[in-house]
Amino acid sequence: MNKPYYPLLASFLALLPACESIYPIADGQAKARMKTSYYPSICEQGEYYKLPAAKDKQAFEIPANSRVTFAVILSQTDLGGMTTSCFPHISFIPKSGATYFMEAFIKGNLCYLDLVREDKTKEAGVVVEPSIGGDYCHSR
Amino acid sequence: MTYKTFLIASVFFLSGCATEYKSLGYTGGYTEVNGYGNLVKVYFLVNGYTSREKATQGLIYRCAELAIEKKKAHFVLYKNMTDAAKGAASALPSSGSLSENFSSYAYVLFLDSPREQSFDAHKVAAELKPIVKAK
């Protein structure tokens, strides 16, 4: 795709979450928490959903104990005016009751999702969380 | 986090003068976000009138200030949370750019005693203060 289309693509992608409904987590369903400065989407059965906020508004609630796929919209324009836009996906199996931190960044025109799990017994308070990439939701 | 994210984004659109060393405002500056385990994410944002080197120096100086405030003598920088979880410290922060603006950021862990790749907070503060606070 030609680079001049990237800002347009980024604008389009940025509008997508507004169209998503909030992911329904049933009372009594196993869940975990995700803290992030982004607004990630969750993919479930071929549809993207916004994540529901936790009751304390300090995190999002996510379903636990089965593999889930998350996606984040990223866009960055460098000093030369070239815009890099992407929609990276990540999947992992959240543990019930755990808290995860997820951030995203662009480096060298590649997009990264940075995911760790809170572990208060560790010096940094976080441990590596095993994850793999996730498929685009609508391609399933 | 959302408010700070908005403020950081606004720096990229509102600029005119070179960034001074101060808390985040319309021309840039530093800010930090707590809540990543025991890590603090520290940012220093500069506009197009300010060098990238100034962003890096401002960020490391801000980390030293925070360490001293927290009565910690040392600190280590991590480029991302995964590196922090692995204990893979870095001598330099991460960086990013948007249009003519530039940001430097790192996840910081404050320490009582030195270790490999750690910074001495008082030494950093003494060395960088005349540089980052120069008009």
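Read from the N terminus, the elements of chain A follow the order α-β-β-β-β-β-β-β-β-β-β-β-β-β, which amounts to one helix and 13 strands. The model is a predicted one, and what follows should be read with that in mind. Chain A has 140 residues, of which 48% count as buried. Among the contacts in chain A with a separation of 6 or more, 60% are made by residues 24 or more positions apart.

A single residue shows what such contacts can look like. A:Ser91 is placed in strand E9 of chain A, residues 89–92, and with a relative accessibility of 2% A:Ser91 counts as buried. Apart from its neighbours within four places in sequence, A:Ser91 is in contact with A:Arg67, A:Val68 and A:Thr69, and also with A:Ser131, A:Ile132, A:Gly133 and A:Gly134. With A:Arg67 there is a polar contact from side chain to side chain, at 3.1 Å. A:Gly125, by contrast, is 34 residues from A:Ser91 along the chain, and the C-alpha atoms of these two residues are separated by 22 Å.

Between B:Leu77 and B:Leu59, which are 18 residues apart in sequence, the distance from C-alpha to C-alpha is 10 Å.

The aromatic side chains come next. A pair of aromatic rings is described by how far apart the centres are and by the angle between the planes. Over all chains, the count is 14 aromatic pairs. In one of them, B:Tyr43 and B:Tyr105 have ring centres 6.1 Å apart and planes at 40°, so this pair is tilted. Because B:Tyr43 belongs to strand E2 (residues 39–46) and B:Tyr105 to strand E5 (residues 101–111) of chain B, the pair ties together parts that are 62 residues apart in sequence. Both B:Tyr43 and B:Tyr105 are buried. The rings of B:Phe75 and B:Phe119, with centres 5.0 Å apart and planes at 10°, are stacked. Here B:Phe75 lies in strand E3 (residues 74–78) and B:Phe119 in strand E6 (residues 119–120) of chain B, so that parts 44 residues apart in sequence are tied together; B:Phe75 and B:Phe119 are both buried. Elsewhere, ring pairs link B:Tyr21, B:Tyr30, B:Phe44 and B:Tyr61 into a cluster.

Side chains of opposite charge can pair when their charged atoms come close. Over all chains there are nine salt bridges. One of them joins B:Arg62 to B:Glu32, with the closest N and O atoms 3.0 Å apart; as B:Arg62 lies in helix H2 (residues 52–69) and B:Glu32 in strand E1 of chain B, the pair ties together parts that are 30 residues apart in sequence. B:Arg62 also meets B:Glu65 in a salt bridge, at 2.8 Å from N to O, and these two residues lie three residues apart in helix H2, about one turn of the helix. Both are buried, B:Arg62 at 7% relative accessibility and B:Glu65 at 19%, the latter being under the 20% that defines a buried residue. Together, B:Glu32, B:Arg62, B:Glu65 and B:Glu69 are linked in a network of salt bridges.

The contact between the two chains takes 26 residues from chain B and 23 residues from chain A. About 2,000 Å² is buried between them, 54% of it on carbon and sulfur atoms. On the side of chain B, the residues that lose the most area to chain A are B:Met81, B:Ala85 and B:Ser97, together 22% of what that side buries. One salt bridge is counted between the chains, along with six residue pairs in polar contact. The largest share of the side of chain B that touches chain A, five residues, comes from H3(B).

The salt bridge in question pairs A:Glu123 with B:Arg115, the closest N and O atoms being 2.5 Å apart. A:Glu123 lies in the loop between strands E11 (110–118) and E12 (126–128) of chain A, and B:Arg115 in the loop between E5 and E6 of chain B, so the pair joins two chains. A:Glu123 is partly exposed, with a relative accessible area of 44%, and B:Arg115 is likewise partly exposed, at 36% relative accessibility.

Conventions:
Residues are numbered from 1 along each chain as its sequence is written. Chains are lettered from A and ligands numbered from 1 in the order in which they are written. This is a predicted model: local features need pLDDT of at least 70, side-chain atom pairs count only at pLDDT 80 or more; totals for chains, interfaces and linings use all residues. Side-chain values use heavy atoms; hydrogens and water are left out. Rings of Phe, Tyr and Trp (its six-membered ring) pair if their centres lie within 6.5 Å; planes under 30 degrees apart count as stacked, over 60 as edge-to-face and the rest as tilted. Helices (H or I, at least four residues) and strands (E, at least two) are DSSP runs, numbered from the N terminus. Buried means under 20% relative accessible area, exposed over 50%, partly exposed in between (1.4 Å probe, protein chains only). Contact means heavy atoms within 4.5 Å. Buried area is the accessible area (1.4 Å probe) that two parts lose on being put together, summed over both. A salt bridge is a side-chain nitrogen of Lys or Arg within 4 Å of a carboxyl oxygen of Asp or Glu. A polar contact is a pair of N or O atoms within 3.5 Å; within protein, one must be able to donate a hydrogen and the other to accept it, and residues adjacent in sequence count only if both atoms are side-chain atoms.
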